[in-house]
Amino acid sequence: MWDPRSDSTRKYFTDKNATMARIHILLLVLLLTVSGCRASGSSRSGLAARKEISSDNSPMEDTQAARVAVSGKDKPDTNIKKVSLKFAESAEPDNSTKTPDFVRQSVSVHDSILLALSGNPDLVAIRETEQVGVATVGVAATYPFNPMVQVQVTPSQENRNIPNGGPGTTSHYVLLMQRIQLAHQQQFREDAAHSSLNGVRWNIHQAELQTTSLTAQLYFTALYQRGLLDVAKASQNNNERLLETLTKRFEAGDVSGADLATVRIDTRSTSQQLRLAEANYQSALRNLRRQLGLPPDSPEEIEGDLRMIRWLLPTAGNEESMMSGMGLQSVNAPGDNQAWMASWAASRPDVLVAHANIDVATANLHLATADRVPDVTMGPYYQQDPNGLTRFGLRAELNLPIINTGRPLETQRMTELNQRTAVWRQTLLRAELEAQAAFERYKLAYDVLAKEKTGSISELPQELQSLEKQFLAGEVDVVRIIQARTSILQNQRAQLDLFNELAQSAALLIGATGLPLEMLVEQY
């Protein structure tokens with residue numbers, strides 16, 4: 001008889017359940033294997049599509065798109081097309097990420113000065129101080145004292161000696177007062193603010209003048225370095241050509257190995273000089289671009305040749321003709337150059353700044369003197385006492401100048417005025433000395449250069465080519481050629497040094513006197 005609780009029965013069902021579980025696991029593995037074989041060709045495309053969709057859609061849409069891409073047969077093909085299309089687009093070169101090819105522009109010395117005056121960071125920052133000075137004038141133009149009102153209300157008074165003075169009686173007291181300055185202090189404050197604003201503006205002009213001078217120095221330095229670079233290039237080209245010629249003649253047995261070695265060493269030396277000249281020129285360009293407020297990799301290049309600039313010598317005699325040629329009105333200039341330079345130095349912005357400081361100190365002195373007169377505080381008042389009596393009147397107050405008479409502050413302002421006057425005199429004297437020294441330096445460089453014969457860089461290869469012809473004819477040796485090349489290079493560098501001295505002295509003369517650049521350099 002079958003008993004469900006017996007051990008044999010339980011063992012039978014246990015073995016049967018284990019066998020069925022194994023069968024289910026085997027069927028599940030087979031199904032997974034078959035589905036994996038069918039989907040193996042689209043697994044990568046599904047992953048790729050999932051990756052592309054995740055960058056554009058929301059997380060919920062990403063999940064749904066991924067499920068559709070894996071489960072269907074046609075959908076993965078569609079996703080493959082989309083992915084391949086995006087891949088083809090990304091494989092194309094992206095022209096938007098390329099660095100644009102800037103067109104190199106050449107700037108003259110006048111263009112450089114204009115760029116520096118508009119884009120120099122220090123100059124742009126100092127110009128903002130003018131607005132502060134204008135605001136200071138607005139503060140000084142505003143009367144510093146406001147009216148004062150005082151109100152006193154005393155309710156619930158009680159006076160038994162007065163018939164109607166019981167509880168509930170109220171007394172009133174209203175006072176309106178204004179502080180009045182009697183010695184015109186307001187005008188002196190405005191004068192001090194306006195003089196301070198003039199000083200700020202002259203400081204801006206002084207910064208502009210120094211920026212102009214420094215920009216001209218850097219521009220002429222870049223031209224000078226480029227001239228040295230051209231000389232170095234001409235020397236290197238000549239040595240390379242000579243080395244090539246000697247190499248062929250050495251192979252033919254016409255020259256000795258010592259001559260070839262000498263020229264090879266000299267070629268290496270000029271190659272190093274060329275690299276050094278290129279580095280110095282690029283450094284000069286970077287300094288100029290920094291002064292102009294341009295990035296170091298800016299494509300702007302300088303134009304012109306330092307030896308092609310036509311220089312002018314301004315004097316007291318030809319100032320009127322120069323100023324009229326520039327469309328400016330000329331004042332009656334002194335007869336001699338020393339007094340003429342002194343007149344230009346007296347109009348320098350830093351001298352005018354010192355003079356504006358004198359005006360500020362004078363206004364402060366007048367203000368301190370006026371403050372010795374006491375201010376009066378006065379105004380009407382209204383009062384009603386508990387008796388019902390109403391009063392109207394005028395009340396005034398002032399300080400008695402007994403302990404502090406204002407004399408110490410006036411003495412301090414007087415001392416400040418004397419100090420500012422001394423500073424102005426010394427600034428004027430220094431400006432005259434600097435202007436005279438700068439003019440003498442420029443005049444000396446101008447006279448020295450006028451006596452020299454100007455040449456071009458093309459003389460270097462022309463003269464050396466004539467020597468090479470003599471060398472090929474056997475008239476001179478290699479040592480003579482090297483000596484001649486050295487002499488020509490020294491002459492070229494000395495000529496550039498003379499032009500550079502004249503250019504640098506012209507830039508310093510602009511900063512020392514405030515002369516317009518057009519009075520020193522003709523348009524070229």
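**Close-up views of a predicted model**

**View 1. Arg441 and its partner Glu501.** At 33% relative accessibility, Arg441 counts as partly exposed. The model shown here and in the other views is predicted. Arg441 forms a salt bridge with Glu501, and the closest N and O atoms of the two are 2.8 Å apart. Because Arg441 belongs to helix α13 and Glu501 to helix α15, the pair ties together parts that are 60 residues apart in sequence. Glu501 has 32% relative accessibility and so is also partly exposed, a class that runs between under 20% and over 50%.

**View 2. Asn500 in helix α15.** Asn500 has its place in helix α15. Its relative accessibility is 16%, so Asn500 counts as buried. When neighbours within four places in sequence are left aside, the residues in contact with Asn500 are Phe220, Thr221, Tyr224 and Leu306.

**View 3. Thr421 in helix α13.** Helix α13 covers residues 407-451, and Thr421 is found in it. Thr421 counts as buried because its relative accessibility is 18%, and the cut-off for buried is under 20%. A polar atom of the Thr421 side chain lies 2.8 Å from the backbone oxygen of Leu417.

**View 4. The salt bridge between Arg310 and Glu522.** The structure holds 14 salt bridges, and in one of them the side chains of Arg310 and Glu522 meet, at 3.0 Å from N to O. This pair links distant parts of the chain, 212 residues apart. Arg310 is in the loop between β4 (301-302) and α10 (319-325), while Glu522 is in the segment after α15 (478-513). Arg310 counts as exposed because its relative accessibility is 53%. Glu522, at 30%, counts as partly exposed.

View 5. The side chains of Arg395 and Glu397 meet in a salt bridge with an N to O distance of 3.2 Å. Arg395 counts as partly exposed at 33% relative accessibility, and Glu397 counts as partly exposed at 37%. Elsewhere, a network of salt bridges links Arg348, Asp350, Arg430 and Glu434. In general, side chains of opposite charge can pair when their charged atoms come close.

View 6. Helix α5 is made up of residues 109-119, and its buried residues are Val109, His110, Ser112, Ile113 and Ala116. What do they pack against? The buried residues of α5 pack against β1 (106-107), α6 (121-127), α8 (185-252) and α9. The exposed residues Leu114 and Ser118 are carried by the face of α5 turned away from its buried side.

**View 7. Helix α9 from end to end.** Just after α9 comes Gly293, which takes a positive phi of about 80°.

Notes. Residues numbered from 1 in each chain as written. Predicted model: local features only at pLDDT ≥ 70, side-chain atom pairs only at ≥ 80, totals over all residues. Heavy atoms only, no water. Helix = DSSP H or I, 4+ residues; strand = E, 2+ residues; numbered from the N terminus. Buried < 20%, exposed > 50% of the residue type's maximum accessible area, 1.4 Å probe, protein only. Polar contact = N/O pair within 3.5 Å; in protein donor to acceptor, adjacent residues only side chain to side chain. Contact = heavy atoms within 4.5 Å. Salt bridge = Lys/Arg side-chain N within 4 Å of Asp/Glu carboxyl O.
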